[in-house]
Amino acid sequence: MSADRDRIRRVTVVGTGLMGTSVAMAAARAGAEVIGWDTDPDVSARAAAKTAFRLAGSLEEAVAGADLVVVCTPIPTIAPLAAAALAA
């Protein structure tokens with residue numbers, strides 16, 4: 001397989017607090033397009049203002065076409081958000 005074909009081009013970060021924003025920044029530095037989404041629009045807006053990721057309006061929009069989805073949320077919300085991302 002071609003290394004270029006296997007490259008992760010689009011990363012979605014679900015949860016844009018401290019951890020999610022750090023992941024988004026690292027993915028952007030690596031050259032990926034980064035999409036962010038958070039259950040709290042104020043949190044995601046603040047994070048997007050500090051980094052180079054595009055805000056999605058919904059979880060479904062955020063995960064559409066993603067090569068990699070990283071869930072960076074409080075432990076109790078990981079399972080339901082991961083399941084929702086997989087279903088989208």
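Helices here are DSSP runs of H or I with at least four residues, strands are runs of E with at least two, and both are numbered from the N terminus. The model is a predicted one. With those labels in hand, a handy place to start is the end of helix H2, which is followed by Gly31, a residue with a positive phi near 100 degrees.

Next comes the sheet. It is an open one built from 4 strands in the order S3-S2-S1-S4, with parallel pairing. Strand S3 (54-55) and strand S4 (68-71) sit at the edges with a single partner strand each, so one side of each has no neighbour in the sheet. S3 is held to strand S2 (residues 33-37) by 2 bridges, and the two strands run parallel. Across that pairing, Ile35 stands opposite Arg54 in S3. Helix H2 (residues 18-29) packs on the sheet, where it touches strand S1 (10-14), S2 and S4, and its direction makes about 170 degrees with that of S1. Helix H5 (residues 75-87) also packs on the sheet; it touches S1, S2 and S4, and its direction makes about 160 degrees with that of S4.

As for the remaining details of S1 and S2, these strands pair in the parallel sense over 5 bridges, and Val14 stands opposite Trp37 in S2. In S1, 5 of the 5 residues are buried, so the rest of the structure largely encloses this strand. Arg10, Thr12 and Val14 point one way from S1, while Val11 and Val13 point the other way; all are buried. S2 is largely enclosed too, because 4 of its 5 residues are buried.

Back to H2, this time for its geometry. At 1.5 Å a residue, its 12 residues should span 16 Å, and the end C-alpha atoms are 17 Å apart, which agrees. Gly20, Thr21, Ala24 and Ala27 are the buried residues of H2. Viewed down the axis of H2, the buried residues fall within an arc of 125 degrees, so they line one face of the helix. That buried set packs against S1, S2 and helix H3 (41-50). The face turned away from the buried side carries Leu18, Met19 and Arg29, which are exposed.

H3 can be read the same way. Its buried residues are Ser44, Ala47 and Ala48. These cover an arc of only 100 degrees around the axis, which puts them on the same side of H3. They pack against H2 and S3. Asp42, Arg46, Ala49 and Lys50 are exposed on the other side of H3.

Ser44, found in helix H3, has 7% relative accessibility; buried means under 20%, so Ser44 counts as buried. Setting aside neighbours within four places in sequence, Ser44 is in contact with Thr16, Asp38, Phe53 and Leu55. Val43 is also placed in helix H3. Again leaving out neighbours within four places in sequence, Val43 is in contact with Thr16, Gly17 and Asp38. Val43 and Thr16 are 27 residues apart in sequence, with their C-alpha atoms 6.6 Å apart in space.

That leaves the nonpolar packing. In soluble globular proteins, nonpolar side chains tend to be buried together. The largest nonpolar core in this model has 10 residues: Val11, Val13, Ala24, Ala27, Ala32, Val34, Ala47, Ala48, Phe53 and Cys72. S1, H2 and H3 each supply at least two residues of this core. Within it, Phe53 touches Thr16, Ala24, Val34, Ile35, Gly36, Ser44, Ala47 and Ala48, not counting residues up to four places away in sequence. A second core of 9 residues is separate, and includes Ala56, Ala62, Leu81 and Ala85.

Note on methods:
Residues numbered from 1 in each chain as written. Predicted model: local features only at pLDDT ≥ 70, side-chain atom pairs only at ≥ 80, totals over all residues. Heavy atoms only, no water. Pairing = 2+ DSSP bridges. Contact = heavy atoms within 4.5 Å. Axes fitted to C-alpha atoms, helices over the stretch in contact; angles between N-to-C directions. Expected span 1.5 Å × (residues − 1). Buried < 20%, exposed > 50% of the residue type's maximum accessible area, 1.4 Å probe, protein only. Arc of directions from axis to C-beta. Core = buried A, V, L, I, M, F, W, Y, C linked by side-chain atoms within 4.5 Å.
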